There are 2 protein chains.
Amino acid sequence: MRTGIATVCLSGTLKEKMQACAIARFDGIEIFEQDLVTSSLSPEDVRKMAADLGLTLDLYQPFRDFDSVTEDLLAANLRRAEAKFRLMSRLGMDTILVCTNVATATIDDDDLRATQLSALADLAGEHGVKVAYEALAWGKYVNDYEHAHRLVEMVDHPNLGTCLDSFHILSRDWDTAPIEKINADKIFFVQVADAPKLSMDVLSWSRHYRVFPGEGQFELAKFMGHVVRAGYTGPVSLEVFNDVFRQSDVERTAVDAMRSLIWLEEQSAKWLDTNAPVANGTAAGAAATQPPARRRYPMELATLPQVAEPAGFNFAEVKAADTGVLEKVLGQLGFEFNGRHRTKDVQLWTMGHARVIINEQAPAAAEPAIAALGFDVDSPVIASARAQQLKAPVVPRKSQANEEVFQGFAAPDSTEIFLCQGSPDGTAAWTAEFGQGLEVPSGARNAVIDHVNLAQPWQHFDEAVLFYTSALALEPQPYAEVASPSGLVRSQVMQTSDRDVRLVLNLAPVIQQEGADPGTAPRKTYQEHIAFAVDDLVATARAARDRGLAFLQIPENYYEDLDARFDLDPGFLDTLRDLNLLYDRDADGEFLHFYTATVGSVFFEMVERRGNYDGYGAPNAPVRHAVQYDHLHDLTQTNH
Amino acid sequence: MRTGIATVCLSGTLKEKMQACAIARFDGIEIFEQDLVTSSLSPEDVRKMAADLGLTLDLYQPFRDFDSVTEDLLAANLRRAEAKFRLMSRLGMDTILVCTNVATATIDDDDLRATQLSALADLAGEHGVKVAYEALAWGKYVNDYEHAHRLVEMVDHPNLGTCLDSFHILSRDWDTAPIEKINADKIFFVQVADAPKLSMDVLSWSRHYRVFPGEGQFELAKFMGHVVRAGYTGPVSLEVFNDVFRQSDVERTAVDAMRSLIWLEEQSAKWLDTNAPVANGTAAGAAATQPPARRRYPMELATLPQVAEPAGFNFAEVKAADTGVLEKVLGQLGFEFNGRHRTKDVQLWTMGHARVIINEQAPAAAEPAIAALGFDVDSPVIASARAQQLKAPVVPRKSQANEEVFQGFAAPDSTEIFLCQGSPDGTAAWTAEFGQGLEVPSGARNAVIDHVNLAQPWQHFDEAVLFYTSALALEPQPYAEVASPSGLVRSQVMQTSDRDVRLVLNLAPVIQQEGADPGTAPRKTYQEHIAFAVDDLVATARAARDRGLAFLQIPENYYEDLDARFDLDPGFLDTLRDLNLLYDRDADGEFLHFYTATVGSVFFEMVERRGNYDGYGAPNAPVRHAVQYDHLHDLTQTNH
């Protein structure tokens, strides 16, 4: 698959954008007109730079508001088009995007449109230019790709073809199956963009909220499957207008973009493997009783090393300069110290099958923080190869002879992710590298890591979703928003189908305090945490209290509200209150949990899931945020 | 008018919110349930703190999903309600908001709803509680305030009344005139919120984008006019869910909120003065041929000192530690040095009626920046009194005997705003305080300040719009979005009806560079500027070039695109190109302009308006942003 990207997806100058696209190894780019007009590079400079960088210049775009106009305006539009054709010749480009008229169309007549497009195609032919005609979702008279393609067929000119843009098609819910019936020679270009399903006007949706494939909710594999079956072999090019990407680091965004195309390529191949071609006007998939045999298409789709979703968390690692408080808290929670590593400055703490590594190799004064997560996978080598093909930055971990080598890479928020060999009985061979030998069973022998909650920087939230989807086979769930004293927290669960891995990505706001020097970092009001599941939370909490654990203190008002909502047994409510436990209930089951006080930027949670409760106690999250904020605020005030 | 605000409008803990509301001098507050549930303050603590702060506790809210339910659920809901009534008794509160059912309603029957609401009202009566019933815009069966009020009338119970919320009414475009016909005794509460007109689902619009009155586009004065005519005398209370306010400084937001109510009170009085009451079912205003005589209503509406819109800019002030480059640039533009102030370290530079003060009293190493703007008003004393009643922070300016005293205050972005005595001939008396005596006519004797463009921090953009609307009588225009290499720039024009004052508020993005220490300030990519209008821009540019001015260099690609778009006379195009001039044209006229290079965080623009051109050359803004970014980037690279 030939990969492309429109320069409008990225921040920076045209030069910076082109460099970033080359570094991310795109095959070609679309030149967004405004990026050229505002550039100090001449067309000849751009042409040479692209050649030097190994980038093809695939599409000049957009040319707006051409068709359905009066005679006067047509003449002006042809003059304007000719100027652009001349410019394209200097750029060495041969394809231009012409989108259906939004602003100046006054005549709704397909015959007239065909005549006008024919004149444009003639002019384009004189300059060796191919016109790719695209239906905008909000085009005044033409807003449907099938309508646009009927016009292309009416004109029947070698220099006029269709441009298919997934956003304009999927945002309007147009059926994509008819794409298969389009003559591939007449598909001049294909643009792809994903988007979250939003209920808003399609123009604003398009201009601000598009995301890269895999970061939204469109059925892009199906769209691409139809395109591939049509026989299209040209570039598959990203055109994503996104307010955040426009202000994020250009190289990071370009890599994220490339990752999305690599992933889409794989998903398209999978879709083709499991959905039958459109036959006699029937939509694909619906009639397929068994998967069609794999066949080859003119567009070759590269595949990635295949991995199953991870079987569980292997370990979580917390790093600090002074690890004393961490050790104390884990001990109070009921974790057992399993010794020091024989060659590294790390400790192992376990509770049942929940393993926590305390890493002492942190810079001086570094506060405790979550540094790494280990996941159990079938084959660390294959999973690592897949992650690397998806452009995950490799994190080497030093190891001595006879020690297990972890395959690791850095997640977008720079948490280190390690791929480990899981074992059916839930143990981990590498624990033998620790001094005390075998694990000593703790009180909660069935304890596991239930979920891990990581704070994400706002620039990389969508990137993180795609990263965990594509590299680790986690499935994004619909996101929630939770109120906190410092703003709304966007919370996105990524999980495996059997829930053995649950990762929560939280986009946390920060309050910039008035009067603070703008050069100082904003007050950090969000922390990350690791949650452990046990069979008997009340017993776990009691034991922890006896060991002196500092619980997050839950306000009395919470328990009164809980009683008003759930009509709980008074004795049970007293137990919750007494132990600072939180409670939730839904149709599937019950959830009990408690939090520790925060150490550095990390805290711990213990949970008990009763029945088939599948959530995270979301109604209780505002209580946690408020208490943590209050505590942080107290500390802040004290320091002043 | 009794002023109120819901705690959900603000960031922080309940305690912080209450303190901020008291500082901003609200009469009372609504307790948003979650703020109490998550608080460590007991209900008794809250009651005492409110009393100590001089705040009444006006409304407990919200109580959700009560009506239209099955018998089982009704019993549970009544139990839940009774728990809240008991809690309210501890808080010393007597009014609760019950909103129409969204989630659990299954029976669409007004008789049943009336029966259920009647049971609730009976229970409320036993606890001395008044139930204010509100139609949510997305209520399952009841989403219209008239419907909700019909239910209140059906029940006809002293403990059941209506709550009117401007968002739920105006977002659905319900007619507000029938409010006048509601029995005032049955209006138990009034909530107000403004909002920009957005085309999106009403729930998301409501939960994220509400703003304070005057910051959006709803006809709130009309809404309030009808409420006042109905005879309502209770609190007018803000309920604004806004993602930005939720993460902004709590005291700032509370003051912004109070300003919006003071302004709304005045606007409501004006609306009442100019619109006739609803008669025989006719909507107010439509039938009014002449304004009704002012009359008194049960709710007293305080008025503010009245001011007309400013007649023009009196001066702009730029401040720097080293003013050398500023002096050079102004001189090159054709400004004349009019001497130093006789007692202060400031210089006066003029071109026609455009006056620029260069203030040398900046801290060491302070880069040149726009520090203050002076506006010509009819009466500085009255305008200053108005601004102070609108809670504008006063900025005292030192002056000696016989010197003009400027009334000044700080805008939300901390630019100092001075109110000056304008004179009909465009001169300013205070210029006599400068050493060289009278102004020396410069080459462009008709030059004036055309507009000033100020960068706004994102937390205070809405606040700034309301500030200039209410304190300075500027009118906000629909905002535009301009692409820049570092993201979209939101650009909001505030102007007077005759365009003698044009102020542009720009919300600029910032790129946080990867790898940069998060504690360092993000790279500043946006600058502020002052634009001067002259009669002959080409002559002004030629003269400036002869004096050696460093123009912002416009790329050749721009001129080629300009030609493609406008088919310009080749000689004229050469002139533009030769002088780095930018050009725009619309149905009303033409616009020529050029920019200087940036000095510190400020640059200058010279413009010529031909015909009735009323814009700012918006199509050219991306060129300016790109060139400025490129230049800044070059400097950044050099420094590394």
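Guide: We shall go from the whole chain to its sheets, then to the pairing of the copies, and end with some backbone details. Please keep in mind throughout that this is a predicted model.

Visitor: How many helices and strands does chain A have, and what are the dimensions of the box that its C-alpha atoms fill?

Guide: The secondary structure of chain A amounts to 17 helices and 24 strands, and its C-alpha atoms occupy a box of roughly 85 × 55 × 55 Å when the principal axes are used. A compact globule of 640 residues would have a radius of gyration near 26 Å, and the 28 Å of chain A agrees with that.

Visitor: Which domains does the assignment give for chain A?

Guide: The assignment gives domain 1, covering 2-274, and domain 2, which is made of 312-509 + 522-639. Between the C-alpha centres of these two domains of chain A there are 44 Å, and their contact takes 13 residues from domain 1 and 11 residues from domain 2. On the side of domain 1 of chain A that touches domain 2, the residues comprise 7 nonpolar, 3 polar and 3 charged.

Visitor: Let us turn to the sheets. How do strands hold on to one another in general?

Guide: Strands of a sheet pair through backbone hydrogen bonds, and the pairing is either parallel or antiparallel.

Visitor: In which order do the strands of the barrel in chain B run?

Guide: The barrel of chain B is closed, has 8 strands in the order 1-2-3-4-5-6-7-8, and is built with parallel pairing. Neighbouring strands of this sheet are turned by 30° against each other on average, if direction is ignored. To follow one pair in detail, take strand 2 (residues 28-32) and strand 3 (residues 56-63) of chain B, which run parallel and are joined by 5 bridges; within strand 3 of chain B, the residue opposite B:Glu30 is B:Leu59.

Visitor: What is the strand order of the open sheet in chain B, and is its pairing parallel or mixed?

Guide: The open sheet of chain B contains 7 strands in the order 10-11-12-9-13-15-14, and its pairing is mixed. Its edges are strand 10 (336-340) and strand 14 (407-410) of chain B, each of which pairs on one side only, while the twist from one strand to the next averages 25°. An antiparallel case is found where strand 9 (residues 312-319) of chain B is joined by 7 bridges to strand 13 (residues 369-377) of chain B, and there B:Phe313 has B:Phe375 in strand 13 as its bridge partner. Helix 12 (residues 380-389) of chain B lies across strands 13, 14 and 15 of chain B, at about 150° to strand 15.

Visitor: What should I look for in the backbone itself?

Guide: Most residues other than glycine have a negative phi, and most peptide bonds are trans. In this model, a cis peptide bond with omega of about -10° joins A:Gln61 and A:Pro62, and A:Pro62 has its place in strand 3 of chain A. In chain B a cis bond links B:Gln61 and B:Pro62, with omega again about -10°, and B:Pro62 is in strand 3 of chain B.

Visitor: Where does B:Ala473 lie, and what is its phi?

Guide: B:Ala473 is found in the loop between helix 13 (461-472) and strand 17 (475-476) of chain B, and its phi is positive, at about 60°, although it is not a glycine.

Methods:
Residues are numbered from 1 along each chain as its sequence is written. Chains are lettered from A and ligands numbered from 1 in the order in which they are written. This is a predicted model: local features need pLDDT of at least 70, side-chain atom pairs count only at pLDDT 80 or more; totals for chains, interfaces and linings use all residues. Two strands pair if DSSP finds at least two bridges between them. Helices (H or I, at least four residues) and strands (E, at least two) are DSSP runs, numbered from the N terminus. Axes are lines fitted to C-alpha atoms, for helices over the stretch in contact, and angles run from 0 to 180 degrees between N-to-C directions. Domain bounds come from an automatic or database domain assignment. Two residues are in contact if their C-beta atoms, placed from the backbone, lie within 7 Å. Ala, Val, Leu, Ile, Met, Phe, Trp, Tyr, Cys and Pro count as nonpolar, Asp, Glu, Lys and Arg as charged, and the others, Gly among them, as polar. The radius of gyration is taken over C-alpha atoms; the globule rule is 2.2 Å times the number of residues to the power 0.38.
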